[in-house]
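Hello,

Here is the structure I promised to hand over. Please open it alongside these notes.

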Amino acid sequence: DLPRFVNIVEVGPRDGLQNEKSTVPTSVKIELIHKLVASGLSVVEATSFVSPKWVPQLADAKDVLEGIRHVPDVRFPVLTPNLRGFEAAVAAGAKEVAVFASASESFSKSNINCTIKESLARYRDVITSAKKHGIRIRGYVSCVVGCPVEGAIHPSKVAYVAKELYDMGCSEISLGDTIGVGTPGIDFVALCFQHVISWYQYLSLPFKTNFEASDDVSLFLRALQSQSINMLAHCMCEKGKHLLIADHIICSFNCWIFFFNATVLATYVIGTFTLLAILFVSGKVLAMLEAVLSFVPVDKLAVHFHDTYGQALANILVSLQMGINIVDSSVSGLGGCPYAKGATGNVATEDVVYMLHGLGIETNVDLNKLMDVGDYISNRLGRPSGSKTTTALHKL
Ligand code: HMG
Ligand code: MG
């Protein structure tokens, strides 16, 4: 089932602008945020309290927050890489911050100059302090399917970082495909069940048995699937590969008592192998989400797709099908990470809104007003809109 309402987290003023070479005037950033709010967006990531040596474009973070301080009923999270950034953000009036870790060691090093473990220790301090101030914390995990240096990232690494941030107290975990390489992936297990169930029904035809158990079978196997993923992710994270195999065999034996029927046993064997295949094929959004969902509740997850390979909308759709209803995007598809070579902008908010409304999902966003905001910032930056929806509708 798809969600009825999707909360869009507009990241244009931060992720969208952080990579701009020429300095965008503070007044333009403030006006952009006001316009985004006026189009109906209720969460706008405003800026970052990071080192100006690392991201010069956002050196005016304090002034940007000052300019939007009076706007009521809108969340304005800001990025904070350490306690220093957190304290500066609070002093400037921030009510929500975001910490950003990575599932890839190489990206962690190039983006925040420390290991994943060190970053988590830093964030523990930030989160402890944020809790004392009653400040809400968003947690990012970057490179959730691929890294510019390391290539494919295993879902268990993403699950590990997401779990750590969630357990520390992040109220929402945003899963970032930083370089936009992810493809949706196929639910092989569901596919396999469908085949086996039709096969079962076909076999039972000559005996005129009225086979109605397909729903029960798929429900049971789904439960088994998520239990196996949970166990596999645990094994990968905590115990090591050899235990993974041992635990899996034990689990198989426990489950065998349920399988009196030889056909269902065959289903299990095929399902197990396809499950293993999914988990070992990285770069697939579905496999990554399955792994993370074993540790973080679905209503605490957001997805953050850059659209480098044009895969973002497809990836958002599978995420919605998994029950996720928070989507990050950037007006006009602005953006890119200065420390992720080859990363282009986030998926355009206009295109996300167009797709969601087409699916009958509410967003509270006025698409026409949003497209005007896209025009405003594109004109200011002197380039055409990165939104396909805007381009198409302007041609009509
Ligand atoms: P460092 O060089 O290892 O740390 O940087 P340092 O402690 O040596 O500090 C360097 C300088 O920065 C010092 O100044 C500090 O005082 C200052 P100096 O003494 O040389 O004059 N400094 C700060 N200044 C202002 N605010 C601060 C701050 N902290 C230190 N908070 C550091 C480490 C983390 C600071 C640095 O690496 C950094 O700022 N990185 C941020 C990089 C960044 O913003 N990347 C883009 C955002 S992440 C992203 O886009 C991905 C995401 O969208 C999700 C996805 O797509 O996957 C979220
Ligand atoms: Mg990003």
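**The sheet**

Val303 stands opposite Val327 in β11. Bear in mind that this is a predicted model. Strand β10 (residues 301–305) and strand β11 (residues 326–329) run parallel, joined by 2 bridges. Both belong to an open sheet of 9 strands with parallel pairing. The strand order is β2-β1-β11-β10-β9-β6-β5-β4-β3. At the edges are β2 (43–44) and β3 (47–48), each pairing on one side only.

**The ligand**

Ligand 1 is surrounded by 27 residues. Ser51, Gly85, Asn113, Ser142 and Gly176 are the closest. The most come from α4, which gives 3 residues. Sorted by class, the shell around ligand 1 has 12 nonpolar, 12 polar and 3 charged residues. Note that β6 also has a place in the sheet, between β9 and β5.

**A helix pair**

How do α14 and α15 pack, and at what angle? Helix α14 (residues 349–358) packs on helix α15 (residues 367–381) at about 165 degrees, and their axes are 10 Å apart. Angles over 145 degrees count as roughly antiparallel, so α14 is roughly antiparallel to α15. The crossing of α14 past α15 is left-handed. From α14, the contact takes in Thr349, Glu350, Val353, Tyr354 and His357. They meet Leu367, Leu370, Met371 and Gly374 in α15. By class, this contact has 5 nonpolar, 3 polar and 1 charged residues.

Best wishes

Terms used
Residues numbered from 1 in each chain as written. Chains lettered and ligands numbered in written order. Predicted model: local features only at pLDDT ≥ 70, side-chain atom pairs only at ≥ 80, totals over all residues. Axes fitted to C-alpha atoms, helices over the stretch in contact; angles between N-to-C directions. Helix = DSSP H or I, 4+ residues; strand = E, 2+ residues; numbered from the N terminus. Parallel < 35°, antiparallel > 145°, perpendicular 65-115°, else oblique. Left-handed = near helix turned anticlockwise from the far one by under 90°. Contact = placed C-beta atoms within 7 Å. Nonpolar A, V, L, I, M, F, W, Y, C, P; charged D, E, K, R; others polar. Near = placed C-beta within 6 Å. Pairing = 2+ DSSP bridges.
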